[in-house]
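Biologist: Please give me a close look at a single part of this model, the interface between its two protein chains. Which residues and elements take part?

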Amino acid sequence: MSKPKPKIRKEAVPMPKQNPKERVHNFNEVALGYTVEQAVAEAERCLQCPAPSPCVKGCPVEIDIPAFIKLIKERKFKEAIKKIREKNNLPAVTGRVCPQEQQCQANCTMAKIGDPISIGRLERFVADWEREHGYDTPPKPKPTGKRVAIVGAGPAGLTAAADLVRLGHEVVVFEALHKPGGVLVYGIPEFRLPKKIVEAEADYIKKLGVKIKTNAMVGKLYTIKELLERFDAVFVGTGAGLPRFMRIPGENLCGIYSANEFLIRVNLMKAYAFPEYDTPIYIGEKVAVIGGGNVAMDAARCALRLGAKEVRIVYRRSRKEMPARAEEIENAEEEGVIFEFLTNPKRFIGNERGWVKAMECVRMRLGEPDASGRRRPIPIEGSEFTMDVDTVIIAIGGTPNPIIPQTTEGLEVTRHGTIVTDENGKTSIEGVYAGGDIVTGAATVISAMGAGKRAARAIHKYLMEKRNSGKS
Amino acid sequence: MYKIVTKRELVPHINLFEFEAKEVAEKAKPGQFVILRIDETGERIPLTIAGADVGKGTITVVCHEVGKTTKKLGALRAGDSILDLAGPLGKPAKIENFGTVLCVGGGVMIAPLYYQAKALHEAGNKIIGVIGARTANQLIYEEEMRQVCDELYVATDDGTKGYKGLDFLKDLLKERKIDRAIVLGSIITMKLVSEFTRPHGIPTIVNLVPIMVDGMGMCGACRVTVGGKTMFACVNGPDFDGHQVDFEELMARLKMYTAQEKLAFVFYEKGERSS
């Protein structure tokens with residue numbers, strides 16, 4: 001006699017969020033996370049597809065997703081986080097900022113009959129549970145006697161560092177800024193990824209035995225060649241942290257920020273707490289954010305929280321082509337961000353003191369698809385109009401950091417300034433590996449972590465082969 | 001943490017600091033700068049390097065107390081430490097034998113000018129030094145400059161010492177064959193000297209210190225128009241052709257946070273008095 005099958009809930013358990021009217025006045029986290037009961041209820045929806053599970057195939061770091069969800073269902077939270085940490089050393093981060101809807105959740109079998117399992121929310125739940133209940137650090141592995149230098153403490157570098165230290169290598173991370181985390185500390189706002197969480201994740205990686213040296217800009221303080229004299233291998237994960245500007249007249253007027261500058265001031269330097277914190281920020285009444293990605297959403301939502309009266313996203317394509325995550329666009333809309341689609345600035349107009357006061361824009365229409373597969377925006381002649389603004393934030397992407405390529409002879413780079421590697425991150429210089437945005441151009445946190453992971457595997461193989469062949 | 005090994009008040013409100021930063025000292029070159037942050041709530045500020053002692057493992061900066069951060073720094077003593085110091089940043093100044101080099105420095109920037117003038121002197125150049133301050137008792141580094149200059153002229157804005165203002169340079173430039181000029185000082189000084197040298201076709205290098213945050217090419221706060229192109233002072237500079245720099249724009253951008261800076265200063269002074 002078979003038991004009657006329990007009815008599976010088609011809808012995902014919603015995650016509580018701060019009310020938009022309230023949250024627009026603070027920098028506290030918007031999404032509040034699942035309670036134990038909510039997490040277990042959501043985990044119970046998982047069908048536990050047999051390997052190869054579709055969700056795992058969508059995960060750039062290959063987390064055994066059905067296994068950790070099963071452990072949540074059984075309320076074995078400690079085991080669940082252990083399962084995630086086998087593959088992912090930044091779970092509290094990825095649980096919050098991964099585009100799950102395009103990755104693991106996109107492939108979820110449940111999506112065929114209802115909502116996919118909220119894998120990201122569950123990952124976040126157990127990562128937060130771990131932080132509250134204390135970390136278990138795995139036992140120290142047997143030292144290999146090999147040393148690896150990691151350049152850049154962003155998602156790629158921290159991932160590579162954690163994987164390599166767990167394999168028994170000595171690992172030192174060199175970070176140019178004063179805090180580890182890269183884009184996690186300077187780019188993603190507090191209300192989406194609280195900085196104490198990034199700090200806790202970095203502390204965990206330090207507990208594994210990784211040394212992190214801040215204020216150390218490789219290329220200036222030491223060259224890659226000098227690092228190779230002290231280390232057996234080097235991983236470069238310096239990101240795409242250089243701002244792109246529009247190159248239109250008036251762009252250097254006061255009140256015009258790159259998204260990078262705006263977000264560095266707000267996030268890394270905590271300008272929202274000025275004057276308790278010393279770094280100032282200027283925010284006017286009418287703010288225009290140029291661009292349609294996650295960074296544009298982040299900047300717009302920061303501007304609202306800093307007290308701007310009107311914040312507009314000015315994007316040259318339509319809503320459909322926006323690269324930002326649907327969730328982030330919704331959050332921005334809920335908070336009152338205004339969207340100006342099919343609009344592009346032509347020039348910035350300043351006042352007599354050199355401050356921006358308006359922006360001449362042109363309306364666009366969509367033509368044939370371009371190389372990115374999105375329809376190309378074409379200006380509509382004669383549609384120019386002026387928009388009053390007193391703060392502009394340019395969020396049209398970043399370019400690779402040129403310092404390492406400039407100071408490393410023999411390192412092959414593309415014409416876009418990205419470092420050339422094979423699929424495992426191996427560069428044109430023996431012992432030097434690279435991964436993340438410095439190789440792909442601006443992409444996501446999780447794809448950088450995936451690249452860090454692959455490179456760590458390749459570096460380990462390289463070091464062990466070198467040792468076994470007795471070359472060192 | 002970066003320890004202050006030496007702190008010396010050179011003249012009222014202008015202090016010299018030697019920071020323990022062994023690796024920075026080994027790499028530092030004239031023309032480069034460091035970014036420092038005093039404490040957890042502090043801002044990142046650029047300071048031009050005024051010297052490096054590889055043996056002692058220290059770098060020297062000279063800083064004028066003009067706002068909250070520089071005042072906070074000025075209140076520290078030898079033995080104290082600051083939280084962060086990153087560098088050396090920016091491209092080093094070009095040091096080679098040019099022939100005769102006019103080295104003009106104003107205010108606090110005379111200290112890093114000395115670091116460059118010394119290197120240029122050692123490279124075999126004849127150095128004509130010009131140093132200036134607002135008033136006589138604000139002039140720094142006169143003795144040091146005298147040691148590396150073949151000729152040294154002093155000027156003050158109010159005429160309390162040496163020439164009154166820099167107009168005397170016009171005659172000097174007519175009389176002498178000068179192969180290169182370098183100017184470190186206020187925007188006004190750099191603009192003025194660049195205008196003086198322009199008709200003589202003397203290559204003139206200015207060392208710019210705009211507002212910066214990271215100082216590593218990431219934020220673009222330090223962007224400056226040079227020859228119609230946008231440059232980042234932190235990574236493309238800080239040295240630029242003085243005849244090509246848009247000084248008006250630079251001046252406006254330097255004033256971007258005047259209101260906030262005043263506010264921060266008022267809060268700081270209040271806090272200091274009550275504590």
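Modeller: The description below concerns the interface of chain B and chain A. This is a predicted model, in which local features need pLDDT of at least 70 and side-chain atom pairs count only at pLDDT 80 or more, while totals for chains, interfaces and linings use all residues. Residues are numbered from 1 along each chain as its sequence is written, chains are lettered from A and ligands numbered from 1 in the order in which they are written, and side-chain values use heavy atoms, with hydrogens and water left out.

Contact (heavy atoms within 4.5 Å) involves 46 residues of chain B and 43 residues of chain A. Together the chains bury about 3700 Å², with 56% given by carbon and sulfur atoms; buried area is the accessible area (1.4 Å probe) that two parts lose on being put together, summed over both. In chain B, the residues losing the most area to chain A are B:Met218, B:Arg223 and B:Met256, together 18% of what that side buries.

Five salt bridges cross the interface, a salt bridge being a side-chain nitrogen of Lys or Arg within 4 Å of a carboxyl oxygen of Asp or Glu. One of them joins the side chains of B:Glu23 and A:Lys213 at 3.1 Å, N to O.

On the side of chain B that touches chain A, there are 22 nonpolar, 10 polar and 14 charged residues. Here Ala, Val, Leu, Ile, Met, Phe, Trp, Tyr, Cys and Pro count as nonpolar, Asp, Glu, Lys and Arg as charged, and the others, Gly among them, as polar.
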